[in-house]
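Have the view up and follow along point by point.

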Amino acid sequence: MVVAQPSHIELKSPREVDLLRQAGRVAAEILMDLKQKVVAGMTTRDIDVMAEKMMHQRGAIPSFLNYRGYPATVCTSVNDEVVHSIPGPRRLKDGDILSLDIGMFVEGYCGDTATTFAIGQASPPAEQLMKAGRASLQASIDAAVLGHRLGDVSHAMQSVVEAAGYHVVREYGGHGIGRAMHEEPHVPCFGKPGTGIRLVEGMVLALEVMANAGTAEIRHKEDKWTVVTADGSLSVHYEKMIALTATGTEVLTPHHD
């Protein structure tokens, strides 16, 4: 049975899923390459320069650069920075946690993925928060199956984070993805099971969890981009792309956080 979807959600053909698979694979490879190379003493601008070079070497075009005026290739959010932190002179220190978010176009289709990791040795509280973030994203992927609803995905994400004693960010979330970086539907980090649109074959989603150790509240810094926790607590960000296909749910950005 064909389930009708709102007209603004673009279902992808098998060929388009294959192109998104290629873009996602490149994005995952670059993210993991960057994770291996980032060390204490580097500036976040150093990471941006490396990322741009890696993308160009693989024939990818940065999707963040100049997006709505964003001035860099990647987002490098440190400690209490939630998302969208602009790379610059900030020097990474041992024990920092870095949320690295990257996006690029490969043959006209977008790859988008993010992870959070420690610079050197993380503190036990930071390790526990990262563990919860990774588990939350995996739970949302597990819930994203044909016939389920979008609220099931968001609820799975929220439940894992809150069960660990943390809070999800409510102002930002995941999204559809394809020839544009941000497509419908919006995928919140919170939701009620059994609500929202039904998941059908051809949907491609970028699932994102943003989890704060303290309050769920956030604020924006003066640069208008960098989002930080309102109470200065740590935050993590994980993102993977998935495709809903006739044979099941496939992760298009296959990397290990």
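1. Start in the middle. The largest nonpolar core has 36 residues, and V82, L199, M203, L205, L207 and V236 are the members that touch the most others. A nonpolar core here is a set of buried Ala, Val, Leu, Ile, Met, Phe, Trp, Tyr and Cys residues joined through side-chain atoms within 4.5 Å. Buried means under 20% relative accessible area, exposed is over 50%, and partly exposed lies in between (1.4 Å probe, protein chains only). At least two residues of this core come from each of β3, α3 (124-143), α4 (150-163), β9 and β12, and α3 gives the most, with 6 residues.

2. Before going on, a word on where this comes from. It is a predicted model: local features need pLDDT of at least 70, side-chain atom pairs count only at pLDDT 80 or more, and totals for chains, interfaces and linings use all residues. Residues are numbered from 1 along each chain as its sequence is written, and side-chain values use heavy atoms, with hydrogens and water left out.

3. Now look at V82. Leaving aside neighbours within four places in sequence, V82 is in contact (heavy atoms within 4.5 Å) with S77, V169, M210, N212, I218, V227, V228, T229, S235 and H237.

4. Three strands form an open sheet in the order β3-β11-β10, with antiparallel pairing. Its edges are β3 (81-83) and β10 (218-220), each of which pairs on one side only. Helices (H or I, at least four residues) and strands (E, at least two) are DSSP runs numbered from the N terminus, and two strands pair if DSSP finds at least two bridges between them. β3 and β11 (residues 227-229) are joined by 2 bridges, and V83 has V227 as its bridge partner in β11.

5. Next, β12 (residues 235-245). How many of its residues are buried? The count is 11 of 11. S235, H237, E239, M241, A243 and T245 point one way, while V236, Y238, K240, I242 and L244 point the other way. On pairing, β9 (residues 204-212) runs antiparallel to β12 and is joined to it by 9 bridges, with E208 opposite E239. β12 also pairs with β13 (residues 248-251) in the antiparallel sense over 4 bridges; a hairpin links β12 to β13 through 2 residues, and I242 has V251 as its bridge partner.

6. Over to the helices. α1 (residues 14-37) and α2 (residues 44-57) pack at about 145°, with axes 10 Å apart. Axes are lines fitted to C-alpha atoms, for helices over the stretch in contact, and angles run from 0 to 180 degrees between N-to-C directions. I30, D33, L34 and K37 of α1 meet I47, M50, A51, M54 and M55 of α2. By class, the contact residues split into 7 nonpolar, no polar and 2 charged.

7. There is also a second, separate core of 23 residues, which includes A27, I30, L31 and M54.

8. Last, F117, found in β5 (residues 109-118). Is F117 buried or exposed? F117 counts as buried because its relative accessibility is 5%. Not counting residues up to four places away in sequence, F117 touches K35, V38, D96, I97, L98, L100 and M130.

How values were computed
Nonpolar A, V, L, I, M, F, W, Y, C, P; charged D, E, K, R; others polar.
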